[in-house]
Amino acid sequence: YGINHQSNGRQEPWSRSWNRLFLSFVFERENTVFAFRPWYRIPESSDDDNPDIERYLGYGDIQIAHVIDDVTYDVLLRNNLRSDNKGAIQLGVSFPLWGKVRGYAQYFEGYGQSMLDYDNYTRTLGLGFMLTGWL
């Protein structure tokens with residue numbers, strides 16, 4: 001459980017932020033981890049810079065990671081639980097490169113990849129490095 005503040009650190013009119021209370025439930029079995037994280041947005045005053053953020057980022061997410069032969073596959077799913085779904089899916093794979101450094105590839109499709117554009121549909125592919133594994 002905890003409190004989360006997320007902001008893009010910019011001034012109006014590009015400012016985006018929200019505060020949430022969350023619970024995190026994590027289950028592990030052999031080479032698989034399942035996490036469910038519901039949240040509640042703490043209401044803001046009348047000068048809320050993104051009053052519709054829950055329509056796009058929903059009320060929680062589900063994450064699954066599975067390891068096969070030192071390659072980790074991960075999935076993040078987010079859904080707003082409304083008929084006009086504005087959810088997201090994120091798929092990732094990490095693999096050993098040298099020492100403890102791992103390569104990482106990620107595909108994202110949906111809403112909420114960044115705070116500034118939380119209400120814009122995006123589709124991205126990214127490549128990078130990890131200094132530690134998920135599991």
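**Contacts, core and charges**

Biologist: Which residues does Y118 touch, leaving out those up to four places away in sequence?
Modeller: Y118 touches R16, N50, D52, I53, Y56, Y111 and G112. Keep in mind that this is a predicted model.

Biologist: Which residues make up the largest nonpolar core?
Modeller: That core has 8 residues in all: W18, W39, I53, Y56, L57, Y111, M115 and Y118. Helix α1, residues 53-57, gives the most to this core, with 3 residues. In soluble globular proteins, nonpolar side chains tend to be buried together.

Biologist: How many helices and strands are there in the chain?
Modeller: The chain has 1 helix and 9 strands. Along the sequence the pattern reads β-β-β-β-α-β-β-β-β-β.

Biologist: What box do the C-alpha atoms fill?
Modeller: Roughly 50 × 30 × 30 Å, taken along the principal axes.

Biologist: And what share of the residues count as buried?
Modeller: 33% of the 135 residues count as buried. The chain exposes about 8800 Å², and carbon and sulfur atoms supply 57% of that area.

Biologist: What about contacts between residues at least 6 apart in sequence: what share join residues at least 24 apart?
Modeller: In this chain, 36% of those contacts do.

Biologist: Switching to charges. How many positive and negative side chains are there?
Modeller: There are 13 positive and 17 negative side chains, and the centres of the two sets lie 2 Å apart.

Biologist: How many salt bridges does the structure hold?
Modeller: It holds 6 salt bridges. One of them pairs D61 with R37, where the closest N and O atoms are 2.5 Å apart. Side chains of opposite charge can pair when their charged atoms come close.

Biologist: Where do D61 and R37 lie, and what does the pair tie together?
Modeller: D61 is in strand β5 (residues 60-68) and R37 is in strand β4 (residues 32-41), so the pair ties together parts that are 24 residues apart in sequence.

Biologist: Is D61 buried or exposed?
Modeller: D61 is buried, because its relative accessibility is 3% and buried means under 20%. R37 is partly exposed, with a relative accessible area of 25%.

Biologist: Which residue does E44 form a salt bridge with?
Modeller: E44 pairs with R41, and their closest N and O atoms are 3.0 Å apart. E44 is partly exposed at 30% relative accessible area, while R41 counts as buried at 6%.

Biologist: Which residue forms a salt bridge with R123?
Modeller: That is E109, with the closest N and O atoms 3.2 Å apart. This pair links distant parts of the chain, with E109 in strand β8 (residues 101-110) and R123 in strand β9 (residues 122-130), 14 residues apart. E109 counts as partly exposed at 22% relative accessibility, and R123 counts as exposed at 55%.

Biologist: Which residues do salt bridges with shared partners join into one network?
Modeller: R41, E44 and D48 are joined into one network that way.

Biologist: Last topic, the backbone. What is phi of D69?
Modeller: Phi of D69 is near 50°, a positive value in a residue other than glycine. D69 lies in the loop between β5 and β6, and at 74% relative accessibility D69 counts as exposed.

Biologist: And what is phi of D70?
Modeller: For D70, phi is near 65°, again a positive value in a residue other than glycine. D70 has its place in the loop between β5 and β6 and is partly exposed, with a relative accessible area of 43%.

Notes. Residues numbered from 1 in each chain as written. Predicted model: local features only at pLDDT ≥ 70, side-chain atom pairs only at ≥ 80, totals over all residues. Heavy atoms only, no water. Salt bridge = Lys/Arg side-chain N within 4 Å of Asp/Glu carboxyl O. Helix = DSSP H or I, 4+ residues; strand = E, 2+ residues; numbered from the N terminus. Buried < 20%, exposed > 50% of the residue type's maximum accessible area, 1.4 Å probe, protein only. Core = buried A, V, L, I, M, F, W, Y, C linked by side-chain atoms within 4.5 Å. Contact = heavy atoms within 4.5 Å. Areas by Shrake-Rupley, 256 points an atom, 1.4 Å probe, with all protein chains shown as cover. Lys, Arg positive; Asp, Glu negative; His and termini not counted. Charge placed at Lys NZ, Arg CZ, Asp CG, Glu CD.
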